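Good morning. I will take a few minutes to walk through one structure for those who have not seen it before.

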Amino acid sequence: MKTPDYGVDAPGVIRNLLLVTVAGFLIWITARMGWWSGNIGGGGVILPLSHIAPWPAASCFLMALWMLYDSKIGKMRTREQLLDNHRWTGSERVLDVGCGRGLMLVGAAKRLTTGSASGIDLWQAEDLSGNRPEATMQNAEAEGVAYRVDVQTADMRKIPFPDATFDVIVSCSAIHNVYDAAGRRQAIGEIARVLKPGGEAIIDDIRHGREYVESFAATGCTSRSVGSAIASIFLAIVTFGSLRPVTLLARKTS
Ligand SMILES: C[S@@+](CC[C@H](N)C(=O)[O-])C[C@H]1O[C@@H](n2cnc3c(N)ncnc32)[C@H](O)[C@@H]1O
C-alpha cells in the first residue's frame, strides 16, 4: 500500500532560505581563506560583512530545517491536535478550505463513519509542492477513505456550495495565501455562509488571527483561540513578526 505524501509547504520560501544560507557561509569562508578582506564600504563607513553573514545564514538554515520538519513530520501531529477540537459523531459533512494534498481533508474523513468530506483548492504550486487534485485523491486512497472524499477546483472567496451545507469546516495554512485583507474577509464570510447553524470551523493559520476573529464576529459567528499563546508569541519574536500562528474554533450561532 502507498504511503500518503502531503507535500512541502511553501517550497520557494525554503529554497530562498537555503540560498541565503549558502551565500552567507560563502561570504564567511572566502574571507577566512583570505580571498578578500571580508569588509565592504568605504569613506570611513566599513561594514564587517564576513563577521555578520554567518548569523543570518544560520538563522535561515534553522528556519528552512524547521519548515521541512514541519511539512514532513510536524504537520501530521498538528492535524490530529487540530481535529481533536471538534467532538466527532462520524456523520458530519466536512469541508476543507485550501485542502492542498488533503492533510486535513483526509484526517477528517478518517474520523467519519456515515459522513463525507469535500475539499476545495486552487492548487497553487508555490504554496505546496506537487499540489494537484490527483495527489489529494491518491492520499485519500492511501489512507483508505477515498470513497467518502471529493475535491474540486474553487476559490475560497466564492465557495461553490449552498448556504448552511457543512457541519464542520477546516482550513490549515491556507487563508493567508489570499494577500489582501478584503479577500480574506470574503473567505471568512464564505466559510460562515456555508456552515450550518451550530456548525464549527477550525481555522489554523500562520498569521492574521485578530483579523479572522473580527471577520467571524461580523458574520454572526463566535470564535476563540484554542492554540498555544506562548508558542505564537515565541514564533513572532524569532521570525521578527512574520509568523504569528493562530488556531481558532468558530461556531455559527444562528
Ligand atoms: C500551504 S498550502 C496548505 C495545504 C493544506 N491545507 C495543508 O495543510 O497541507 C495552502 C493551500 O491554499 C491554497 N489556496 C491559496 N489560495 C487559495 C484560494 N484563494 N482559494 C482556494 N485555495 C487557495 C493553495 O493552493 C494551497 O493548496
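One definition to start: two residues are in contact if their C-beta atoms, placed from the backbone, lie within 7 Å. Keep in mind that this is a predicted model.

Take Ala-109 with that cut-off. Leaving aside its neighbours within four places in sequence, Ala-109 is in contact with Ala-117, Ala-140, Val-145, Arg-148 and Val-149.

Ala-109 also belongs to the largest nonpolar core, which has 44 residues. Together with Met-104, Leu-105, Ala-108, Ile-169, Val-170 and Ile-191, Ala-109 touches the most other members. Which element gives the largest share of this core? That is α4, with 6 residues. There is a second, separate core of 7 residues, with Ile-14, Leu-17, Ile-27 and Ala-57 among them.

Next, the ligand. Around the ligand there are 23 residues, and those that come nearest are Gly-98, Gly-100, Gln-124, Ala-174 and Asn-177. Two elements give two or more residues to this shell: α4, residues 103-109, and β4, residues 116-121. By class, the shell holds 12 nonpolar, 6 polar and 5 charged residues.

Now the overall division. The protein is split into domain 1, covering 11-67, and domain 2, covering 75-252. Taken over C-alpha atoms, the centres of domain 1 and domain 2 are separated by 37 Å.

Last, helix α8, residues 229-238. Is α8 buried or in the open? Of its 10 residues, the number buried is 0, so α8 lies largely in the open. After α8 comes Phe-240, with a positive phi near 55°.

Terms used: Residues numbered from 1 in each chain as written. Predicted model: local features only at pLDDT ≥ 70, side-chain atom pairs only at ≥ 80, totals over all residues. Near = placed C-beta within 6 Å. Helix = DSSP H or I, 4+ residues; strand = E, 2+ residues; numbered from the N terminus. Nonpolar A, V, L, I, M, F, W, Y, C, P; charged D, E, K, R; others polar. Core = buried A, V, L, I, M, F, W, Y, C linked by C-beta atoms within 7 Å. Buried ≥ 20, exposed ≤ 12 C-beta atoms within 10 Å, placed from the backbone. Domains from an automatic or database assignment.
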